[in-house]
Amino acid sequence: MDNTATVYSRAWYGDEELTLNFPTGWEVEVLGPKDAPVLSDTQIEKAFAEPIGTSRISDLAKGKKSAGIVVDDLSRPTPAAKVIPYLLRELASAGVPKSEIRFVVGGGSHRPLTDEEVAKKIGADVAAEYEATSHDFMSGDLRALGNLRNGMPIYLNRVIADADFKICLGGIYPHGSVGFGGGAKLVVPGIAGFATMFYFHTFSPGRGHAVIERKGSEPDHRDFAEEVAGVLELDVIVNTVLNSRREICGLFVGDFVQAHRKGAYFALDTYGTEIPEVSRKETDLVVLNCYPLDSDPIQTGKALWATRYFEKAYKMALNPASDGICYHGLFEEIDYARFLQQRAERTQSELPSPQLGTQDQLHVWSEHFLVDDFYKKHPGALLFRDLDQLIALFAERLPSQAKVAVLPSAGIQVLAPEK
């Protein structure tokens, strides 16, 4: 009987193995996703050579005088630096001048990245040779592109809107608003201005977590994001699917609808996780590892989908929150500079004495999630700094032969579709 489990942790900040040591006599079951092997360089080249729904980038971009590439930020685990050299070779083959290729971090209303973080995302060599900026959703330097039929005003990042050739490079991960991230989501909200983003979040319904095709006839967030991408004339997407080790196991290049849908179905299968009926009924403790969405405190919630499937289990989430900055400007209605100023002026609360809560409460181990931010984001939950101490507290309450279920990459796992 194995009483340990080893998971990955700290995406972008080491991607280290973390071993969970439970009491002797406990039974630990790892409920991992179906998963997939890492792509070889040859397979990545093939994805660019055989795009979905479009011509090859080297052909599409011929005659273009500039290119704008949107990448996601560090709140998303996409290893863009692995893919970018292939993309740049396509643009070079098309004759796009190197000096006119620009990167924009499309973080929506997230914070801007530091130079060091940009280098992590796109690669140090690329960051040194190409212009790379973070989108500012409160900037006045946006391009106005009219309105959608539903009234949504379209304000987008100027660098991308003005580029002759437009590319979105991101990852396909489960998301409650648009079903799966990737595709046109890097346009809205990725490079959208405040007015567009506010309208988008307020006046249309979400598609649902891990839902690929719209349910019903009413347009939703995915539909409107794709409609704006059409107005922008987004030329192509480059979307990754990752395995549980944050390696690229799927790459989908091409049309922003067709390539995205094919990638989303692959992601649904790859991230699919079976939870046996006996585990649902008998598990005493479910451990949700937020990896690979565990650099950003805000992403904790994306790992909690599985809690509803365990009938009597206590709940523990692992999110080191290495970033430590709990900022989402749209919902806090504040720009990043003022957010930092207010945080600096505030005295941070001390962590309360660690004690176990009830079965219904969420217990979160995090090294860097600030106390006040945590209890504002997760009222009713409990925060712990010492993982071994938290496990010891559970040992005092649970049976001597407790059953533990560990979801090693709960941030991207989804319940396997019924067959």
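Predicted model: local features only at pLDDT ≥ 70, side-chain atom pairs only at ≥ 80, totals over all residues.
Student: How much space lies in the largest pocket?
Tutor: The largest pocket holds about 570 Å³ of space. A pocket is an open set of points on a 1 Å grid over the protein atoms alone, where a 1.4 Å probe fits, with protein on both sides within 12 Å along at least five of seven lines. The volume is the space filled by probe spheres set on the points, which are joined across faces, edges and corners.

Student: Which residues are closest to its centre?
Tutor: Arg76, His110, His175, Lys185 and Lys302 are the closest of the 32 residues that line the pocket; a lining residue has an atom within 4 Å of a point. Strand S9 (165-171), strand S10 (174-175) and helix H7 (194-202) each give two or more residues to this lining. Helices (H or I, at least four residues) and strands (E, at least two) are DSSP runs, numbered from the N terminus.

Student: Turning to salt bridges, how many are there in the whole structure?
Tutor: The search finds 30 salt bridges, each being a side-chain nitrogen of Lys or Arg within 4 Å of a carboxyl oxygen of Asp or Glu. Arg207, Arg214, Asp220 and Asp223 are linked in a network of them.

Student: What does Arg149 pair with?
Tutor: Arg149 forms a salt bridge with Glu227, with the closest N and O atoms 3.5 Å apart. Arg149 lies in the loop between strand S7 (142-147) and strand S8 (153-157) and Glu227 lies in helix H8 (residues 221-232), so the pair ties together parts that are 78 residues apart in sequence.

Student: Is Arg149 buried or exposed?
Tutor: Arg149 is exposed, at 80% relative accessible area, whereas Glu227 is partly exposed at 25%. Buried means under 20%, exposed over 50%, and partly exposed in between (1.4 Å probe, protein chains only).

Student: And what about Asp284?
Tutor: Asp284 forms a salt bridge with Lys312, and their closest N and O atoms are 2.6 Å apart. Asp284 is buried at 10% relative accessibility, while Lys312 is partly exposed at 35%.

Student: What is Phe48 in contact with?
Tutor: Beyond its neighbours within four places in sequence, the contacts (heavy atoms within 4.5 Å) of Phe48 include Val83, Tyr86, Leu87 and Val238.

Student: Last one: where does Gly411 lie?
Tutor: Gly411 lies in the loop between strand S19 (403-407) and strand S20 (414-415), and is buried at 3% relative accessibility. Gly411 and Gln299 are 112 residues apart in sequence, yet 7.9 Å apart in space, C-alpha to C-alpha.

Definitions and conventions
Residues numbered from 1 in each chain as written. Heavy atoms only, no water.
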